[in-house]
Amino acid sequence: QVQLVESGGGLVQPGGSLRLSCAASGITFSNYAMRWYRQAPGKERELVASSISTYYTDSVKGRFTISRDNTKNTVYLQMNSLKPEDTAVYYCNADRGSLFYWGQGTQVTVSS
């Protein structure tokens, strides 16, 4: 059974930092592209960062960093200089073409 379990979300003040983790099981982790998406209330889910070609959406460039540890089957998203507009549910995604898995999401709220 494939599981992606996100953790590390929470409430943080503007300018603060959080580190999200996504632990994968049930897959050969190194064979999968790993991505972080987010969905804010009333908005569509958007791609935030990808481990392939180290892609970042424009609004997070220079502030967020995606990394992965294949020995721990874990992908991370380091988020610095957080802004209120970063508030969303953050989802981990594992992609191997025809195989596509999602985590349950972790809430990130940036507010003073």
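Q: Where is Ser 81 placed?
A: In this predicted model, Ser 81 lies in the loop between S8 and strand S9 (88-96). Its phi is positive, about 50°, although Ser 81 is not a glycine.

Q: Is Ser 81 buried, partly exposed or exposed?
A: Buried means under 20% relative accessible area, and exposed means over 50%. Ser 81 has a relative accessible area of 40%, so it is partly exposed.

Q: Which phi does Asn 73 have, and where is Asn 73 placed?
A: Asn 73 is not a glycine, yet its phi is positive, at about 55°. Asn 73 belongs to the loop between strand S7 (64-69) and strand S8 (74-79). Because its relative accessibility is 24%, Asn 73 counts as partly exposed.

Q: Let us turn to a strand. Where is Arg 38 found, and why is Arg 38 counted as buried or exposed?
A: Arg 38 is part of strand S4 (residues 33-39). The cut-off for buried is under 20% relative accessible area. Arg 38 has 6%, and is therefore buried.

Q: Which side chain makes a polar contact of 2.6 Å with the side chain of Arg 38, and which is joined to Arg 38 by one of 3.0 Å?
A: The contact of 2.6 Å is with the side chain of Glu 46. The side chain of Asp 86 is joined to that of Arg 38 by the polar contact of 3.0 Å.

Q: Which residues does Arg 38 touch, not counting those up to four places away in sequence?
A: Among them are Glu 44, Arg 45, Val 48, Phe 64, Glu 85 and Tyr 90.

Definitions and conventions:
Residues numbered from 1 in each chain as written. Predicted model: local features only at pLDDT ≥ 70, side-chain atom pairs only at ≥ 80, totals over all residues. Heavy atoms only, no water. Helix = DSSP H or I, 4+ residues; strand = E, 2+ residues; numbered from the N terminus. Buried < 20%, exposed > 50% of the residue type's maximum accessible area, 1.4 Å probe, protein only. Polar contact = N/O pair within 3.5 Å; in protein donor to acceptor, adjacent residues only side chain to side chain. Contact = heavy atoms within 4.5 Å.
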